[in-house]
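Student: Could we go through this structure step by step, with the conventions stated as we meet them?

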Amino acid sequence: MTRPSGGAHVLAVRGLQASVAGKSILRGVDLEVRSGEVHAVMGPNGSGKSTLSHVLMGRPGYEVTSGEVTLDGQDILAMPTWERAQAGLFLGMQYPIEVPGVSLEAVLKESFAAGGRDPREVDDLVESEVDRVGFDARLLKRALNVDFSGGEKKRSETLQLAVLRPLFAMLDEVDSGLDVDALRDVARRVAQAAAHEGLGVIAITHYTRLLSELRPDRVHVLSAGRIVASGGPELADELEAQGYGAWGNDEPARPPGVAPAAPGLS
Amino acid sequence: MKLPTSSLEEWRYSRIDSLDLDRFEPAGPDTRPGGPHLAGSVPLVEAARLSAAEVTAVETVDGRLSVLAPAAGSGVEVTVLSQTSEQPQVEWSGGGLDAFGTANEAFSVDPILIEVTSSDRPATVVVAHHCLSDGLVSFPRVTVRTAPGANLTLIEVLSGDAACLVVPVVDLDVAVNARVVYLGVQALGGRAWQIASQSSRVATGASLTSGAVALGGDYARVLTSSSLTGVGASSRLAAMYFASGSEMHDFRTVQDHKARKTFSDLLYKGVVANKASSVYSGLIRVEKGAKGTKAFQTNRNLVLHEGARAESVPNLEIEENDVSCSHASAIGPVSEDERFYLHSRGVPPQVADRLISVGFLTEVLEQLPLGALASHVEAALSEKLATAEAAEAAEAAGSDRQFTAEPGREELT
């Protein structure tokens, strides 16, 4: 698989510091992602991985204390969440939120309408994506994420990603709560989006198994709120073999045995 | 007429103290406007009339009969009681009539009696539409009597943008093994006062489904009192309400179990926006002898804006053992997590709140026997929500301007 080296769009994070409930979590993160690139951000529980993705999307309760985030030079941090999404950011959540009575279809159409796209395009796009991500079409009319299984939720997130076609996607522990088939479907669709649609990806994960499908260009290790190491895919292999011990943490980077990863606490 | 006051428990939190009867006068014999009021001119009524192949249509204007169009051979007889000598005895389950129910009995001009005489046919559908005019008080009254095993759907629509006082009464008698579906749609404007009573008695093996949709009204109150009088009788009561601006919705319910193995389930959900308010007060009563009763009551309220207010008062009164009863009530703002999720998909805040609010009410919409009315109710709801959000945004912008116009900050205006 070849990807364009360096793309049309740039998401740049510089010196980002953030706190949650007064507690400092991110202590200066620098990261630059271009269109078509896949970056993996790995790290032990509590290192700040999820905080990074939520801060980029502007989740209430996450306070930026210093630093900047720009998308093609625009100040992302000055925008409310919905404008960040319209500007081209997407957050695939570890625990997608249940929204009773609101269908996936309605959300996608309202998002299109707000972004000046024709909401009528949603139906065709959804139809063409349903099979690619292995999403049960019967769930389209149902309330968002309500009574979805773990796999259905992540397939739904991936479907939304594919239909909304953001420029950059943060995928927060997209591999948690997934069986092998769902993990493969989700990772393949994201990899295709990166390879063929120019999607820039920040894949946040504790374990390396996601990365065997979603081959990252760059791997970053986040520890105690800072990126402490960056490298090519070989860095993930190193973590697979040695765990996070080299960064002062004895957590393995591989789930015990063959059991799927337990829902993380990060 | 001596008015109750809000010091009475039944009128606690209500707006009864600000009712000014002098604002309204009774409709005279010659106030019989036609034209725009005629059935069919209101899309909701039109949809209701199209809900079945054969529909009996009744329309009143300010409590006076204006249209009576019975469907031929439908097994339903509609009588205007002012035109006959017969007066059916109305027995009330909720501890007697309140002052407004009594007034309705005294002042109703053209009380309507609906009798279903046949038991071996599919549901007979009756649509009753009450139109209201400015400055008038009216007392529409609909009484339903069923033969054993009969099957009736009654859709009642209150519509109009008038500044009026309407005191409607519906009395439903559900005979042995009969099945009655009642749907009340209140689509009044923001200047109307409504003080409604609905009573029902459900006999052995019979079932009642009673739904209410409240979309408007300066003050709109409905007292619903459902008695389960025969073994195995069941009732399902559901309501959805949305008050915005300075409107108030006020629901009082009684689920009265008088016989063995009776079942009742109630689900009322409401949204309050802007400076609107709502009251829900519900009682489950299980009388001595009603062993094996199952009774449930759920009231949930979504408070969309800071200035809005909801009250929820559940009550249980159980005089028998071997019963299963529960009640749940909740009042809360829109979930920040749900909001964030929709925002993160690119949905703007006002639209997200509208989706979440309609979604909140969807659980009730799905239970209501709306049929062809569903899309109209949803559209009316969405439109009203959009208006409420726009008003709230304008209000917020206005107060920002005030804030920035404070001394020393003029340069920011």
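Tutor: Two strands pair if DSSP finds at least two bridges between them, and helices (H or I, at least four residues) and strands (E, at least two) are DSSP runs, numbered from the N terminus. This is a predicted model, in which local features need pLDDT of at least 70 and side-chain atom pairs count only at pLDDT 80 or more, while totals for chains, interfaces and linings use all residues. Residues are numbered from 1 along each chain as its sequence is written, and chains are lettered from A and ligands numbered from 1 in the order in which they are written.

Student: Which residue of β5(A) does L71(A) stand opposite?

Tutor: Strand β4 (residues 62-71) of chain A pairs with β5(A) in the antiparallel sense, over two bridges. Within β5(A), the residue opposite L71(A) is Q74(A).

Student: Is D72(A) buried, exposed or partly exposed?

Tutor: D72(A) is found in the loop between β4 and β5 of chain A, and has a positive phi of about 50 degrees although it is not a glycine. A residue is buried if 20 or more other C-beta atoms, placed from the backbone, lie within 10 Å of its own, exposed if 12 or fewer, and partly exposed in between. Because D72(A) has 14 C-beta neighbours inside 10 Å, it counts as partly exposed.

Student: How are α3(A) and α5(A) oriented to each other?

Tutor: The axes, which are lines fitted to C-alpha atoms over the stretch in contact, with angles from 0 to 180 degrees between N-to-C directions, come within 11 Å and cross at roughly 25 degrees for helix α3 (residues 104-114) and helix α5 (residues 150-164) of chain A. Angles under 35 degrees count as roughly parallel, over 145 as roughly antiparallel, 65 to 115 as roughly perpendicular and the rest as oblique. The orientation of α3(A) and α5(A) is therefore roughly parallel.

Student: Which helix gives the most to the side of chain B that touches chain A?

Tutor: Counting residues as in contact if their C-beta atoms, placed from the backbone, lie within 7 Å, the contact takes 21 residues from chain B and 22 residues from chain A. On the chain B side, α3 (336-344) and α4 (349-367) each supply at least two residues. With nine residues, the helix that gives the most is α4(B).

Definitions and conventions:
Contact = placed C-beta atoms within 7 Å.
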